[in-house]
Amino acid sequence: MDWGAVLNNTAGWLISPTTIAYAIAAVGLAVHFGYGGLLNFGMAGFMALGAYGYAISILSFGLPWWAGIIVGMLAATVFALILGIPTLRLRADYLAIVTIAAAEIVRLLFTTQVFDEFTNSADGLGGYHAGFRGANPIPEGTYGFGPWQYTENQWWVRIFGILILAVVVLIVFLLMRSPWGRVLKGIREDEDAVRALGKNVFAYKMQSLVLGGVFGALGGVVFALPSAVVPAVYVTSLTFFLWTILLLGGAATIFGPVVGSVIFWVIMAFLDNVLPQLAADDILPISNIQAAVVRYIFVGVALLLIVIFRPQGIFGNKKELTFVK
Amino acid sequence: MKAARKASQRRSRLVVSLFAVVMAMLAITAPGAASADEVGTDEYDFVFSGNVKYNSEPLEDVLIKVSGNGYENEVVTDAEGKWKIGVPEKDKYTITIDESTLPKGVIVADDEANGASKEAEFGLTGNKTVNFFLGEGVRNVTSFGDQLLERIVNGLNFGLMLALAAIGASLVFGTTGLSNFAHGELVTLGAVFTLVLGVFNQWPLLLAIPVAVLLSGAVGLGLDAALWRPLRKRGTGLTQLLIVSIGLSLALRYLIQFFIGGNIYQLPGSSDTKINLFGSVSLSVVDMVSMGVSIVVLLAVAWWLTRTRIGKATRAISDNPSLAAASGINVNGVVRIVWVVSAALAGLAGILWAFFIPGIKWDMGGGFLLLIFAAITLGGLGTAFGAAIGSLIVGLLVEVSTLWIPSDLKYLGALAVLIVVLLVRPQGLLGRKERIG
């Protein structure tokens with residue numbers, strides 16, 4: 001086995017656009033679940049709205065790339081409002097069921113033939129990169145060292161993604177130190193107590209849902225920046241991976257989702273490189289295709305074990321356990 | 001599973017040899033295909049082609065026109081009904097069939113809005129086949145009433161199998177408070193067990209299906225013993241349990257893919273010919289048996305819940321677990337039985353659904369789960385009979401809505417109902433208000 005190539009490929013995932021995009025969306029999920037206690041299982045829908053909002057406004061309406069990002073954020077805001085109004089007054093698991101169903105509705109609407117003109121149905125969208133690449137300040141060429149050698153466009157995607165991630169993390173850090181964040185955490189711990197203090201619990205929850213949803217859309221945009229938008233990506237599994245990332249790092253922590261995403265994708269990339277090789281060398285008694293599936297089984301088992309044995313995540317504080325009830 | 005893999009290898013070899021035979025046959029008939037009337041195929045790389053047939057008889061001398069992107073051309077079909085037109089660009093073209101050149105009493109029955117024209121576009125290759133569905137004279141479409149009736153019967157069939165799975169999920173929710181996100185995988189498992197036994201190992205279906213249902217029940221028993229019971233003992237919170245069920249769902253889903261791969265499999269008999277019952281309603285034998293089985297099993301479950309001791313205990317626990325435990329009901333024992341029943345019902349639903357779609361795929365349970373949730377929410381969370389009624393409504397809605405909306409959006413209505421129900425009547429049809437908290 002070529003360990004050099006394996007380590008090289010794996011190291012690339014430390015700052016891959018996918019890792020960054022998942023980290024941004026996981027921070028959004030932290031705003032929902034970690035701080036607000038909202039069980040949002042529709043993050044794939046928010047990401048899809050961000051990605052499609054970006055791609056469609058560029059391709060069909062000829063907007064500049066930065067306006068596309070704003071359109072994606074607005075779409076997520078509207079989606080959060082539609083989701084929140086019927087469910088935020090109800091028990092937590094209703095929100096879980098409605099969000100997962102709504103995300104599926106979003107995916108179906110992007111997949112159907114009916115809006116083929118805008119969404120290109122199941123084939124997805126591509127070729128919207130000109131504007132974003134035009135704004136690239138890096139001169140042409142290949143930069144970097146070791147496993148991190150990328151062209152100017154690849155660097156631009158990564159740098160832009162990390163900038164967004166930094167802004168998002170900073171916003172969460174400041175918000176959660178503010179009175180607003182303390183009220184939100186109070187709602188997570190005991191909704192009735194906060195209501196008794198005269199706070200409008202519904203409004204706080206709604207603000208949290210919108211804010212986290214907009215972060216999810218930004219994650220979707222960064223996910224779409226380097227390549228294409230394909231509807232088959234935005235399935236429930238995507239949401240569940242985000243939950244695994246969030247709970248791995250620690251739901252109610254600032255850097256938990258970021259570190260969680262890095263750990264998740266580095267391990268995934270490592271397994272993706274190693275397992276097929278082991279299968280090819282007949283060390284594991286499985287076929288190549290099976291070797292590619294095994295890592296996803298691990299994700300499910302890992303999620304299960306984290307929730308049972310370390311629900312606060314790697315960085316979490318046991319006192320700030322988010323599973324109250 | 002080894003045997004299964006061997007069987008699938010054997011099958012794939014069979015498929016390869018079949019493919020070779022087909023290719024050989026094509027090679028022999030190739031001169032015939034080349035004699036199709038062709039226009040512009042030498043000049044241009046992108047070719048539309050088609051075959052005009054009515055009641056499997058080829059139609060000669062039918063005029064086909066292509067237009068678009070400032071290009072126009074026409075072609076007449078040959079004795080085999082075949083035609084080919086080359087076009088200059090890989091783009092969208094309008095293809096029209098001249099209805100006046102069709103035999104008397106035959107018209108294009110594709111889509112009333114577009115009539116005899118079609119928009120066609122190339123996929124990944126430079127060839128695209130464009131075919132028109134020809135129908136008889138004026139009365140080519142079944143009347144709205146007939147279509148509605150057909151959809152309703154299909155919807156009832158679908159709703160009944162949905163009810164099997166939904167009642168199980170609802171019982172689990174009622175007794176343990178868990179919204180089980182892994183229920184969709186239990187549905188898939190039933191179908192996969194049948195596939196492995198009945199197709200890979202070639203058991204007769206009448207034996208394979210009951211054994212698959214029993215195996216599904218055993219999975220329920222195993223999950224309760226190995227996972228849910230210890231977690232209940234630890235006093236794990238409901239939210240935690242919910243996420244555990246998601247982890248389980250992911251693990252099971254990909255475990256199934258690990259064993260059966262990404263292909264779509266068919267059970268024998270799933271594409272049987274349909275027998276016309278009355279009017280426009282035609283069902284295959286499998287459809288009729290499926291509906292019969294669903295009804296009998298649902299009635300049996302209803303009897304079990306209302307008449308037997310354990311069934312009554314189940315409802316008592318759903319009502320108030322502490323009170324039930326205090327009055328001497330063995331809660332853990334009942335919950336174990338509920339898990340077995342629920343998993344077995346889900347497995348049965350999966351088998352019937354595999355015939356209904358038709359097809360078995362590793363992630364088929366994912367979409368089904370959302371319909372189960374929609375049905376349970378509509379009926380009222382935690383009420384078994386509510387789940388059954390909710391399922392029938394969702395089943396009907398899914399099928400009947402295809403009269404107005406495209407079939408690739410048919411689950412949309414069911415999921416939208418979920419949101420509307422929560423807006424208007426969050427406790428569902430049969431639920432009580434205090435449950436929603």
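**View 1. Contacts along chain B of the predicted model.** Among the contacts in chain B between residues at least 6 apart in sequence, 73% join residues at least 24 apart, where two residues are in contact if their C-beta atoms, placed from the backbone, lie within 7 Å. The structure is a predicted model, in which local features need pLDDT of at least 70 and side-chain atom pairs count only at pLDDT 80 or more, whereas totals for chains, interfaces and linings use all residues. Residues are numbered from 1 along each chain as its sequence is written, and chains are lettered from A and ligands numbered from 1 in the order in which they are written.

**View 2. The make-up of chain B.** Chain B holds twelve helices and 14 strands; these are DSSP runs numbered from the N terminus, with helices (H or I) of at least four residues and strands (E) of at least two. Its domain assignment, which is automatic or taken from a database, gives domain 1 (41-136) and domain 2 (144-430), and the centres of these two domains of chain B, taken over C-alpha atoms, are separated by 45 Å. Of the 437 residues of chain B, 42% count as buried, a residue being buried if 20 or more other C-beta atoms lie within 10 Å of its own, exposed if 12 or fewer do, and partly exposed in between.

**View 3. The side of chain B that touches chain A.** Here 39 residues of chain B are in contact with 41 residues of chain A. Helix 5 (238-260), helix 10 (364-379) and helix 12 (410-424) of chain B are the elements that give two or more residues to this side of chain B, and the largest share, 15 residues, comes from helix 5 of chain B. By class, the residues on this side of chain B divide into 27 nonpolar, eleven polar and one charged, where Ala, Val, Leu, Ile, Met, Phe, Trp, Tyr, Cys and Pro count as nonpolar, Asp, Glu, Lys and Arg as charged, and the others, Gly among them, as polar.

**View 4. A cis peptide bond in chain B.** The peptide bond from B:Ile357 to B:Pro358 is cis, with omega near -15°, and B:Pro358 is found in the loop between helix 9 (331-356) and helix 10 of chain B.

**View 5. Positive phi values in a loop of chain A.** In the loop between helix 6 (116-119) and helix 7 (130-134) of chain A lies A:Asn120, whose phi is near 55°, a positive value in a residue other than glycine. A:Asn120 counts as partly exposed because it has 19 C-beta neighbours inside 10 Å. A:Ser121 lies in the loop between helix 6 and helix 7 of chain A, and its phi, near 35°, is a positive value in a residue other than glycine. With 16 C-beta neighbours inside 10 Å, A:Ser121 counts as partly exposed.

**View 6. The nonpolar cores.** A nonpolar core is a set of buried Ala, Val, Leu, Ile, Met, Phe, Trp, Tyr and Cys residues joined through C-beta atoms within 7 Å. The largest such core has 207 residues, and those with the most contacts inside it are A:Ile24 and B:Ala374; its largest share, 18 residues, comes from helix 9 of chain B. Apart from this core lies another, of 18 residues, among them B:Phe48, B:Tyr54, B:Val66 and B:Ile97.
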